[in-house]
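Have a look at the model first.

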Amino acid sequence: MNTDKSKITIAIDGYSSSGKSTMAKHLASEIGYRYIDSGAMYRAVTLFAMRHNMIDSNGAIDTEALIKALPAIRIDFRPTDGGQITLLNDEDVEKEIRSLAVSSHVSEIAAIPSVRHALVAMQQAFGREGGIVMDGRDIGTTVFPNAELKIFVNASAETRAQRRLAEMLEKGANVSFEEVLANVVHRDHIDETREESPLRKADDALLLDNSTMSPEEQNSLLMEMFRNALNRQA
């Protein structure tokens, strides 16, 4: 998987708002690995498309224009005291990409094969040397099928919507639980049924249902999974 056998690649997949990004960030910080939020990359492409009028008022995407623009889209991450921010062509877009407007279109953008191919190539470049924790929808199945540790995260749609709502209200968004739940269910359907790299649990992934877990219980279990994976490599 990588040239440095002391550092493994960790792929965390799961449904939207299942908490996979939070747990991936925490684990990466604890073990000194780099964290990559693949979902933020798809959100950044979605924001780019919105800004360049590639999504009309009915939600239709100008796929041809977006595909032509892909070579001009650069995505990176910059560490901060509180974690990291997402950069779109060197601009901090972390707050914008978390909006409900972006959430409403990101699954459709992510279903475009050319978009997935371009971002998978970027993600594989990020993880070439190992020592990385990456979360998303197809990390263990498509991006890093040979990852030494794969985890699939799930929770009920209602639980995930409640978590997402709390996060958005904290950031000042004016949304209802019903709106967020509808978005979660809609995204689940698109993620599961898209033709290109649909969301599914890899055969060798460990299942983690955190519906009733505290953050402490979740983090403890993740660390145990990590240590077990390291022991298997020894």
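Helix α2 is mostly covered, with 11 of its 14 residues buried (buried means under 20% relative accessible area, exposed over 50%, partly exposed in between, with a 1.4 Å probe and protein chains only). Helices (H or I, at least four residues) and strands (E, at least two) are DSSP runs, numbered from the N terminus. This is a predicted model: local features need pLDDT of at least 70, side-chain atom pairs count only at pLDDT 80 or more, and totals for chains, interfaces and linings use all residues. Residues are numbered from 1 along each chain as its sequence is written, and side-chain values use heavy atoms, leaving out hydrogens and water.

Among the buried residues of α2 are M41, Y42 and F48. T46 sits in this helix too, and it counts as buried at 0% relative accessibility. Leaving aside residues up to four places away in sequence, T46 touches I55, V102, H105, V106 and I109 (contact means heavy atoms within 4.5 Å). After α2 comes N53, with a positive phi near 55°.

Now the salt bridges (a side-chain nitrogen of Lys or Arg within 4 Å of a carboxyl oxygen of Asp or Glu): the count is 13. Three of them:

| Pair | Closest N to O |
|---|---|
| R98, D37 | 2.9 Å |
| D188, R160 | 2.6 Å |

D188 lies in helix α8 and R160 in helix α7, so this pair ties together parts that are 28 residues apart in sequence. Both D188 and R160 are buried, and D138 and R116 are buried as well. D37 belongs to a salt-bridge network with E94 and R98.
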